[in-house]
Amino acid sequence: MPRKHQVEDEDAATLKLGSEFNNAGCLMISEVKTLLEFRAEKSGKIASETAVFKNTKSYVDTFSKFNDDTSRSVREALTRHVDQGLTQFEIAQLANLIPASAEEAKNCIPSLILKLDDDQLQEILDEIQAMHRSQTR
């Protein structure tokens with residue numbers, strides 16, 4: 001008997017993330033950190049004392065690459081490249097990983113291979129790296 005609903009094959013390398021992610025925005029880890037800090041301020045002690053909140057906060061504190069101001073600048077800079085085909089997922093991954101080279105970026109985010117040549121991608125990476133180096137934590 002045929003199934004009514006076929007299950008899509010998911011593959012992050014080709015950006016097949018599942019239909020629920022088709023129009024979803026993606027946050028950088030630094031943006032999640034900012035949101036959690038805001039929530040802790042507004043919600044008070046109770047919300048920030050749950051195990052999930054503490055574990056998530058610990059994770060974003062460890063892996064966040066940018067302070068709040070720099071995070072906004074990185075988001076703006078990367079969003080300027082949407083016309084080159086960058087998706088929200090790729091933008092978030094570039095900001096979270098800060099790859100050193102176009103080759104590294106394409107190994108970590110294979111969907112970039114057909115979108116940008118190495119020179120275009122390296123220009124974007126150089127811009128992100130410069131922001132990362134120049135920020136005050």
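Biologist: Are Glu-31 and Arg-75 buried or exposed?

Modeller: Glu-31 is buried, and Arg-75 is too. Buried means under 20% relative accessible area, exposed over 50%, partly exposed in between (1.4 Å probe, protein chains only). This is a predicted model: local features need pLDDT of at least 70, side-chain atom pairs count only at pLDDT 80 or more, and totals for chains, interfaces and linings use all residues. Residues are numbered from 1 along each chain as its sequence is written, and side-chain values use heavy atoms, with hydrogens and water left out.

Biologist: How do the side chains of Glu-31 and Arg-75 meet?

Modeller: In a salt bridge, 2.6 Å from N to O. The term needs a side-chain nitrogen of Lys or Arg within 4 Å of a carboxyl oxygen of Asp or Glu.

Biologist: How many salt bridges does the structure hold?

Modeller: Nine. One of them joins Lys-57 and Asp-61, with the closest N and O atoms 2.7 Å apart. Salt bridges with shared partners join Lys-33, Glu-37, Lys-57 and Asp-61 into one network.

Biologist: Why does Lys-57 count as buried?

Modeller: Because its relative accessibility is 19%. Asp-61 has 37%, so Asp-61 counts as partly exposed.

Biologist: New topic, aromatics. How many aromatic pairs are there?

Modeller: One aromatic pair. Rings of Phe, Tyr and Trp (its six-membered ring) pair if their centres lie within 6.5 Å; planes under 30 degrees apart count as stacked, over 60 as edge-to-face and the rest as tilted.

Biologist: Why is the pair of Tyr-59 and Phe-63 tilted?

Modeller: Because the planes sit at 45 degrees, with the ring centres 4.7 Å apart.
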